[in-house]
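Take a look at the fold shown here. The report starts with the sheet, then turns to the helices.

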Amino acid sequence: MNINAAICDDNAQDARFVENSLKTWAAARGITTRTQVFPSAESFLFQYADDKTWDILLLDIEMGRMDGVEMARTIRRENESVQIIFITGYSDYIAEGYDVAALHYLLKPVNEEKLFVVLDQACEKIRQNERCLNLEIDGEMLRLPFYEIRYLDVSHNYVTIHAKGEYTVKRSLSEFEKELDRRFARVGRSMILNLKYIRRVTKTEVYLSDGTVLPLPRGAYEPLNRAIIQYT
């Protein structure tokens, strides 16, 4: 497995410790890494404009003009899959991480053992994000990452996959159900939901993070809530 990791910290000593720890972690797990240290959010974003292949970002929060949270918001506008780990000397910032779907917070001084646990979690997320749904559309093969799929629904023997775009194919919903992983839950006869996009569930409706509101079939409320709890 190959992982590209960026460390962004204006404290050179802290950044060096994290970089050395990351290399130790990767060597112990047989993972090839490309690691680069940036002294500011601005310096990272300058390079990011031409190189968006990063898998993990380890970000200090308290930095110069642009802090780590603001930088993460900028990245999240176009990149949903990169794993963001905040490193901070203060616990006051933790609530802000929900806005950018941060994987974890680590408090300074960083405990290497805890860092390894979080990097293992990031590695598993990356593996999950590599999984794709293969669709044949208009004679071409399309690979659609699981993490982009919000939901699938069926109408008259045609299934529509709702992701960044909408793709309709003549297949059964049951076929797709067998290909998808545990982040997806079947809801009634006509819909499969990506659990990570669900923000609210009522007895009659499901609210997704992009503002989509879907009708919830009768009897689906309890099973869906159990699926959400088991997934989280």
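Two strands pair if DSSP finds at least two bridges between them. Helices (H or I, at least four residues) and strands (E, at least two) are DSSP runs, numbered from the N terminus. This is a predicted model: local features need pLDDT of at least 70, side-chain atom pairs count only at pLDDT 80 or more, and totals for chains, interfaces and linings use all residues. Residues are numbered from 1 along each chain as its sequence is written, and side-chain values use heavy atoms, with hydrogens and water left out.

**The sheet**

Five strands make an open sheet. Their order is β2-β1-β3-β4-β5, and the pairing is parallel. β2 (32–38) and β5 (104–107) are the edge strands, each pairing on one side only. On average, neighbouring strands are turned by 20° against each other, direction ignored. Axes are lines fitted to C-alpha atoms, for helices over the stretch in contact, and angles run from 0 to 180 degrees between N-to-C directions.

Strand β4 (residues 83–88) runs parallel to β5, and four bridges join the two. Here Ile 85 stands opposite His 104 in β5.

Thr 35 sits in strand β2. Is Thr 35 buried or exposed? Its relative accessibility is 18%, so Thr 35 counts as buried (under 20% relative accessible area; exposed is over 50%, partly exposed in between; 1.4 Å probe, protein chains only). Beyond its neighbours within four places in sequence, Thr 35 is in contact with Ala 5, Ile 7, Glu 19 and Leu 22. Contact means heavy atoms within 4.5 Å.

**The helices**

Helix α1 (residues 12–29) lies across β1 (2–8), β2, β3 (56–60) and β4, at about 175° to β2. Helix α2 (residues 41–48) lies across β1, β2 and β3, at about 130° to β2.

| Pair | Angle | Axes apart |
|---|---|---|
| α1 and α4 (residues 112–129) | about 60° | 10 Å |
| α2 and α3 (residues 68–76) | about 15° | 10 Å |

α2 is therefore roughly parallel to α3, while α1 and α4 are oblique to each other. Angles under 35 degrees count as roughly parallel, over 145 as roughly antiparallel, 65 to 115 as roughly perpendicular and the rest as oblique.

Which residues of α2 meet α3? Ala 41, Phe 44, Leu 45 and Tyr 48 do, against Met 71, Thr 74 and Ile 75 in α3. In the contact of α1 with α4, the residues from α1 include Phe 17 and Trp 25, and those from α4 include Leu 115 and Cys 123.
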